[in-house]
Amino acid sequence: KVVYGYMADHFGALNITMVCYILSVIGIFSACLASAPGTQLVIGLGIFLWGFGNAISTVMQPTLAGELATEENFTKTAKNIQVGYTLGSVVIGPVPGLIADYTGSYTVSYFMQGIVMTASMLLVFAGIRSARKTRNMHSG
């Protein structure tokens, strides 16, 4: 979180959010190698990247609200982002364990989580792009 904050201050929150998303996706998909022999180093590095990228799970919401919202609608924007994140966590939270129980392996869970994280990344960046266009139309 500290590194995310420092990097966001220097390179922009939206740029670092994209980097964190990509690192998380790489890390998640590397976890799919867990059952393959001789992949411990790759898995270890992947899990590190996943953990580093997951800084976005707690820092991203207010940072994105600050980047995307005007002063007048910051509170509403931050609330909406946080509610969406929390609902997703509550609804989807148990799914990896349920998939692992059903399949007998977490590999499928990691793969599914990678797909969901990739979809999330694409949706967030589509939303960012749309918000930037809207903000630019109203400011200039």
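The legends below describe an overview and close-up views of a predicted model.

**Figure 1. Overview of the protein chain, which contains seven helices and zero strands.** Along the sequence, the elements follow the pattern α-α-α-α-α-α-α. Taken along the principal axes, the C-alpha atoms of the chain fill a box of roughly 55 × 30 × 25 Å.

**Figure 2. Close-up of the crossing of helix H2 and helix H3 (residues 40-53).** The axes of H2 and H3 come within 7 Å, and the angle between them is roughly 145°. The crossing of these two helices is left-handed. On the H2 side, the contact is formed by Cys20, Leu23, Ser24, Ile26, Gly27, Ile28, Ser30 and Ala31. On the H3 side, the residues in contact are Val42, Ile43, Gly46, Ile47, Leu49, Trp50, Phe52 and Gly53. Eleven residues of the contact of H2 with H3 are nonpolar, five are polar and none is charged.

**Figure 3. Close-up of the crossing of helices H2 and H4.** Here the axes come within 10 Å and cross at roughly 150°. Because of this angle, H2 is roughly antiparallel to H4. The crossing of H2 and H4 is left-handed. Residues Ala13, Leu14, Thr17, Cys20 and Tyr21 of H2 meet a set in H4 made up of Ile56, Met60, Thr63, Leu64, Glu67 and Leu68. The contact of H2 with H4 comprises eight nonpolar residues, two polar residues and one charged residue.

**Figure 4. Close-up of the packing of helix H4 (residues 56-68) against helix H5 (residues 74-92).** The two axes lie 8 Å apart, at an angle of about 150°. H4 is therefore roughly antiparallel to H5. H4 passes H5 in a right-handed crossing. From H4, the residues in contact are Ser57, Gln61, Pro62, Leu64, Ala65 and Gly66. Their partners in H5 are Phe74, Thr77, Ala78, Ile81, Gln82 and Tyr85. In the contact of H4 with H5, seven residues are nonpolar, five are polar and none is charged.

**Figure 5. Close-up of the helices around the largest pocket, with helix H7 (107-139) among them.** At least two residues of the lining come from each of H2 (13-31), H4, H5, H6 (95-103) and H7. H7 gives the most to the lining, with eleven residues. Among the other contributors, H2 and H4 cross each other in a left-handed manner, whereas the crossing of H4 and H5 is right-handed.

Conventions
Residues numbered from 1 in each chain as written. Predicted model: local features only at pLDDT ≥ 70, side-chain atom pairs only at ≥ 80, totals over all residues. Heavy atoms only, no water. Axes fitted to C-alpha atoms, helices over the stretch in contact; angles between N-to-C directions. Helix = DSSP H or I, 4+ residues; strand = E, 2+ residues; numbered from the N terminus. Parallel < 35°, antiparallel > 145°, perpendicular 65-115°, else oblique. Left-handed = near helix turned anticlockwise from the far one by under 90°. Contact = heavy atoms within 4.5 Å. Nonpolar A, V, L, I, M, F, W, Y, C, P; charged D, E, K, R; others polar.
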